[in-house]
Amino acid sequence: MKKSLIIIILFALLGCKSNVATDHSNHKYLRSLTEYRDSSRNRVIPVAIYGHLNKKMVSETPIIFSHGYGGNKGGDYIEDYTYLLETLASKGYFVISIQHELKTDELLAMDEPLKVTRMPNWKRGAENIGFFLNKIKEEYTALNFDKLIIIGHSNGGDMSVLFAHQHPELIQKLISLDNRRMDLPRTSKPKVYTLRSSDYPADEGVLPSDEEQKNFGITVQFTDIKHSSMDNDANEEERKYVTSKILE
């Protein structure tokens with residue numbers, strides 16, 4: 001009994017991870033599906049890690065990716081952006097895709113002002129990003145963290161933008177796929193790039209002015225792609241466009 005209790009306590013305190021069994025046949029570059037426990041918040045966080053399966057991680061550039069809001073259904077991190085995550089991994093990037101909302105979480109706020117009511121969700125997402133950045137620094141020491149890239153779509157873009165405001169010194173590049181609420185950093189460090197949809201405008205103040213874009217080297221790329229078609233709903237042409245622009 002004592003031995004069992006000690007094992008349980010140690011597992012809880014270590015912040016620990018467990019591998020999740022799944023069918024990997026549709027994920028050519030998927031290294032692992034893992035659940036970590038952030039003991040400081042008593043929170044389990046699923047993560048998918050993509051990269052070359054037969055390649056050492058010498059000087060690979062890490063990317064932390066945050067999905068759009070999926071209604072707390074779970075699985076967004078592994079199911080909804082396969083085309084993008086697999087392509088990035090195929091080009092030599094080491095990609096960490098985080099599941100931000102769990103089925104037991106409160107639903108995303110829909111009451112105005114959204115920049116206020118959704119802030120707890122974004123803060124939790126930014127904490128998830130910071131937690132995993134520390135974890136991969138411990139576990140994958142060969143990665144080139146001086147070139148860290150943060151990417152997020154929609155609500156995950158707002159989380160990513162918030163993290164960039166909080167820790168600009170940690171990031172080389174911030175890529176937002178149509179975040180709509182959090183103001184993009186007006187800064188040249190990190191380098192900021194945003195891909196915009198054709199159907200949903202950003203809130204006032206989110207996008208930098210033409211002068212700010214010029215002064216800080218920020219790129220705002222408008223597209224004909226709908227907001228909801230930046231994930232796996234994108235057709236083949238849209239997928240090629242999104243991945244080519246991100247790689248560019």
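K115 is partly exposed, with a relative accessible area of 34%, where buried means under 20% relative accessible area, exposed over 50% and partly exposed in between (1.4 Å probe, protein chains only). This is a predicted model, in which local features need pLDDT of at least 70 and side-chain atom pairs count only at pLDDT 80 or more, while totals for chains, interfaces and linings use all residues. Residues are numbered from 1 along each chain as its sequence is written, and side-chain values use heavy atoms, with hydrogens and water left out.

K115 forms a salt bridge (a side-chain nitrogen of Lys or Arg within 4 Å of a carboxyl oxygen of Asp or Glu) with D183, the closest N and O atoms being 3.2 Å apart. This pair links distant parts of the chain, K115 lying in helix α4 and D183 in the loop between β7 (173-177) and β8 (191-196), 68 residues apart; helices (H or I, at least four residues) and strands (E, at least two) are DSSP runs, numbered from the N terminus.

D105 and R43 also meet through their side chains in a salt bridge, at 2.6 Å from N to O. Because D105 lies in the loop between β5 and α4 (114-117) and R43 in strand β3, the pair ties together parts that are 62 residues apart in sequence. Both D105 and R43 are buried.
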